[in-house]
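I'll start with the overall fold and then go inside.

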Amino acid sequence: MNVFLRNKDYRKFSIASFLSGAGDILFYLALMTYASKLKNYSLALSLIAISESVPKVFEIFAGYLADKTKNKFRNIVWMAFSRFVLYGIVGLLLISNLNQWNIVLAIIGINLISDTFGSYSGGLTAPLIVNLVGEKEFGEAEGFTSGISEIINMVAQFAGASLLLFLSYSNLAFVNAATFLIAGLLYASIGLKYRKKDQAAVKPEEVNDQNFLATMKSSFTQLKKEHGLITIILVIAMLNGTLGVIGALVPIVIAAHKTTMIISTYSFTIAIIGVVVSCGFILGSMFGQQLFKKISVFTLIISAVILSAFTTIAALVANIFVILPLYFSLAVVISTASIKMTQWLVEVIDRKILASSMGLLNSIIMVSSPALTTLFTTISGLTNVNYALLGLLGLILIVLVVASWVSMKLKQKNNLEDADLVSEG
């Protein structure tokens, strides 16, 4: 939070990102509500979900394109203005006399284009934030941004549901367009300021000139040089997948134990779980760096794996009042470990391929959750939810052994290096 209060340019940059994120969530809820009223609503909602998820799959390519971009500020401004125009068109479509299905299909196409632009903008963001705050404060800035984004996500969902009571779908589309316009103006004001000062953040800078495969190879080579970093990335990906699996299996457990696990109503219980996890992510993202400043990322990772095991056991014994604090603690530790890992990544990766490396990282983490969730929910559906939880527990224990072994080997290596330095001295 200190960097947000202290650095005016980063503060404006963050507000621009928050505005566009809030607008996106508001419109997504409006679109889902509009589509749910169609005759074949199931198909419409499925198509919307696909249009939302496809751009995320290509984040690695978006990062690569961002690294090849010479003037990142100019392009992030154009992306914001382009999305302003796209959602302005959506607003006009929603007040037209076209067939509802044609409107939905057109909006889905526009939304897909907009989210693709958003993925590219996301690739541009990390290098620009490094320019604004410096490498050493990137972790704090990233954590603050993630925490506030999570808060906005929660608030925007409730606000969207409320706004739909007195605003039309087209009005919400125009509101979304306006958020991108304001965001673009904020980005432009920062870019113009830096251009006038002739600083490197907006000057044509050295960019990545390698092809895609060569870039990925360079990124992997640099990651491999940092002992333990690749292991941490894979373990965090697995932990994020575990969170997704627990989030999918716990509602099944609650449905099977309604008399003992429900707090007020089933829907209210599920909502509480969502809020608890979100609060954990917010706390870890915003304050984890300070709370666990002296704790290594490896210690945090092993703690998170242990908490995952205990949370899974709590689900097996079907005790909601044990699940909630464990789930909250797990979210805090995972989000803190993720920020520390990102900070480490920024410090060791060549700036020319930073966006590509971040895209690779996000792709690895993103794939783990749907893959593991699909696997264990399938097991639950074909057999019993307890078998799925036992399988998840087995996977967690394997990861715990691997992470502990790597941590021990790394400590031994560091001790040997320290001993060599002492003998040389």
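Predicted model: local features only at pLDDT ≥ 70, side-chain atom pairs only at ≥ 80, totals over all residues.

**Overall fold.** I counted secondary structure and got 16 helices and 0 strands. Next I checked the radius of gyration: it is 23 Å, close to the 22 Å from the globule rule for 425 residues, so the protein is as compact as a globular protein of that length. Along the principal axes, the C-alpha atoms fill a box of roughly 80 × 65 × 40 Å. I also looked up burial, and 48% of the 425 residues are buried. Then I took the contacts between residues at least 6 apart in sequence, and 84% of them join residues at least 24 apart.

**Cores.** Which residues have the most contacts inside the largest nonpolar core? I found F13 and I301, in a core of 99 residues. Helix 10, residues 229–256, gives the most to this core, with 15 residues.

**A pocket.** I turned to the second largest pocket, with a volume of about 180 Å³. What lines it? I listed K136, G139, E140, Q289, Q290, K293, K340 and Q343. Helix 7 (138–163), helix 12 (266–291) and helix 14 (320–348) each supply at least two residues of that lining. Sorted by type, the lining has no nonpolar residues, 4 polar and 4 charged.

Technical notes:
Residues numbered from 1 in each chain as written. Heavy atoms only, no water. Core = buried A, V, L, I, M, F, W, Y, C linked by side-chain atoms within 4.5 Å. Buried < 20%, exposed > 50% of the residue type's maximum accessible area, 1.4 Å probe, protein only. Helix = DSSP H or I, 4+ residues; strand = E, 2+ residues; numbered from the N terminus. 1 Å grid on protein atoms, 1.4 Å probe; cavity = no way out; pocket = protein on both sides within 12 Å on 5 of 7 lines; lining within 4 Å. Points joined across faces, edges and corners; volume = space filled by probe spheres on them. Nonpolar A, V, L, I, M, F, W, Y, C, P; charged D, E, K, R; others polar. Rg over C-alpha atoms; globule rule 2.2 N^0.38 Å. Contact = heavy atoms within 4.5 Å.
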